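I opened this model to see how its chain is put together. These are my notes, in the order in which I looked things up.

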Amino acid sequence: NPLLAQGKAVVSAKSADKFLDSLYQGAIELVDSKEIPKTISKLLLDDVRRMKLEWRSYALSQQLQRKAQSVLCQAFRSMASLATESLDSYDAWKRAGLQDYVPYVAERRMQTCLTGNCSNMTNGTMPTPTPTPM
């Protein structure tokens with residue numbers, strides 16, 4: 001939440017999600033929606049209370065950021081591992097001489113469709129092209 005990261009005092013309505021409310025409790029002033037204007041007025045008049053809320057909101061944002069960073073690092077490591085595996089797999093295809101097979105089939109299907117024979121491709125098969133004399 002950008003307001004928490006800036007250390008702002010945030011007043012919000014209680015939600016139906018008790019877990020979410022418990023996560024933000026203390027860093028955000030959670031009140032009934034009808035009480036929001038009155039709570040804001042009280043915070044504006046009580047500098048100490050507002051500053052404590054601002055410090056707690058900033059502290060929570062830093063805590064959440066640290067947790068998110070570790071999760072993102074793990075996700076990036078997993079993605080890098082998958083990319084490496086994909087490259088290794090592509091190299092195996094290349095060694096077997098199959099690197100051009102998929103583009104070749106896609107090009108044949110596109111040409112077949114352009115000539116008006118798309119109806120034959122509905123079940124994944126294609127008509128066998130007739131060889132052209134050279």
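**Core.** I began with the largest nonpolar core, which has 7 residues in all: L4, V10, Y24, A27, I28, L30 and L60. Such a core is a set of buried Ala, Val, Leu, Ile, Met, Phe, Trp, Tyr and Cys residues joined through side-chain atoms within 4.5 Å. I took buried as under 20% relative accessible area, exposed as over 50%, and partly exposed as in between (1.4 Å probe, protein chains only). Then I picked Y24 and listed its contacts (heavy atoms within 4.5 Å). Leaving aside neighbours within four places in sequence, Y24 touches L4, L60 and L64.

**Ground rules.** I noted that the model is predicted, that local features need pLDDT of at least 70 and side-chain atom pairs pLDDT 80 or more, while totals for chains, interfaces and linings use all residues. Residues are numbered from 1 along each chain as its sequence is written, and side-chain values use heavy atoms, with hydrogens and water left out.

**Chain.** Next I looked up the secondary structure: the chain has 5 helices and 2 strands. These are DSSP runs numbered from the N terminus, helices being H or I with at least four residues and strands E with at least two. From the N terminus, I read the order as α-β-α-β-α-α-α. Of the 134 residues in the chain, 13% are buried. I also checked contacts with a separation of 6 or more: 41% of them join residues 24 or more positions apart. The chain exposes about 10,500 Å², and carbon and sulfur atoms supply 60% of that area. Accessible areas come from the Shrake-Rupley method with a 1.4 Å probe; for residues, only the protein chains shown count as cover.

**T39.** I turned to helix 3, where T39 sits. Is T39 buried or exposed? T39 is buried, because its relative accessible area is 8%. Its side chain reaches the backbone oxygen of E35 at 2.8 Å. Beyond four places in sequence, T39 is in contact with V11, E29, V31 and R49.

**Surface patch.** I found a nonpolar patch on the surface, formed by I40, L44 and L45, with about 350 Å² of accessible area together. Patch residues have over 30% relative accessible area and no salt bridge; like charges are joined within 9 Å, nonpolar side chains (Val, Leu, Ile, Met, Phe, Trp, Tyr) within 5 Å. L45 lies in helix 3, residues 36-45. L45 counts as exposed because its relative accessibility is 76%.

**Salt bridges.** I counted 4 salt bridges in the structure. Each is a side-chain nitrogen of Lys or Arg within 4 Å of a carboxyl oxygen of Asp or Glu. Side chains of opposite charge can pair when their charged atoms come close. E35 and K38 meet in one, at 3.4 Å from N to O. E35 is partly exposed at 32%, and K38 is partly exposed at 47%.

Which residues are linked in a network of salt bridges? My answer is D47, R50 and E54. D47 pairs with R50, the closest N and O atoms being 3.0 Å apart. D47 and R50 are separated by about one helical turn, because they are 3 residues apart in helix 4 (residues 47-95). R50 also meets E54, at 3.7 Å from N to O. R50 and E54 are 4 residues apart in helix 4, about one turn. I noted D47 as partly exposed at 44% and E54 as partly exposed at 24%.

How values were computed. Polar contact = N/O pair within 3.5 Å; in protein donor to acceptor, adjacent residues only side chain to side chain.
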